[in-house]
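Here is my note on the structure you asked me to look over. Take your time with each point, and keep the viewer open beside it.

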Amino acid sequence: VLFANEIPGLHFESEELPSGIRAKITVERGVRLEYPVHLCFGVLPEEGVQEIYSEFEIGEGAWVAFTAHCTFPNAVDVRHVMDAKVRVGKGALMHYRESHYHGESGGTLVLPRARVVVEEGGKYLSEFNLTSGRVGKLELDYVVEVGPRGVAELVARAYGYGDDSILIKEVIRLNGEKARGLAKARIAVRERARSCLLYTSDAADE
């Protein structure tokens, strides 16, 4: 962790690990942040492992947007693991935008995983973008549980070429009355690159 700056209503706790960090970000109940919170992750050497274990707690009625940049400009053999647990409280809103920049060698393995709970009337909006530089290998795995009158929207964009491999797996479970979900991906590949999309949406009996 090179730098962290808290603002009123938002709290950041972190623990440095041998190959990454464990972090918890809490937004207090009723806090509405006017500007996005910026997160930055990266590996500058050609080789390395980066593991980010994060927990987001968005309090009841809070509104917050996060903008995350992940950069691996020189990657020859880099493994990036992002494992997130998210709870969006009753009537709260969380918007998470993640953009990647990779070098041209295709030596990056990216493993984003998220388990999200959206409580009654809450909204979770996610955007994942990997369109600059070679993808390498991407395996995205998101599961979202949506409560009554809750909303989940998942958008993924990726562009692969060479021998890149792209796997998008997204599950939205609608667990209450008037819960809504949307999963959308825009994937383009050329040359020998491959892509696979797996979507599941489960609705409760209500």
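Predicted model: local features only at pLDDT ≥ 70, side-chain atom pairs only at ≥ 80, totals over all residues.

1. Residues are numbered from 1 along each chain as its sequence is written, and side-chain values use heavy atoms, leaving out hydrogens and water.

2. The protein chain has 14 strands and zero helices (DSSP runs: at least two residues of E for a strand, at least four of H or I for a helix, numbered from the N terminus).

3. Of the 206 residues, 46% count as buried (under 20% relative accessible area with a 1.4 Å probe, protein chains only; exposed is over 50%, and partly exposed lies in between). The C-alpha trace spans about 45 × 40 × 25 Å along its principal axes.

4. How many aromatic pairs are there? The count comes to four, where rings of Phe, Tyr and Trp (its six-membered ring) pair if their centres lie within 6.5 Å; planes under 30 degrees apart are stacked, over 60 edge-to-face, and the rest tilted. Phe66 and Tyr96 have ring centres 6.2 Å apart and planes at 45 degrees, so this pair is tilted. Phe66 sits in strand E5 (residues 63–72) and Tyr96 in strand E7 (residues 93–102), 30 residues apart. Both Phe66 and Tyr96 are buried, and together with Phe56 they form one aromatic cluster.

5. Tyr159 and Tyr161 make a tilted pair too, because their ring centres are 5.6 Å apart and their planes at 40 degrees. Tyr159 is partly exposed at 28% relative accessibility, while Tyr161 is buried at 14%.
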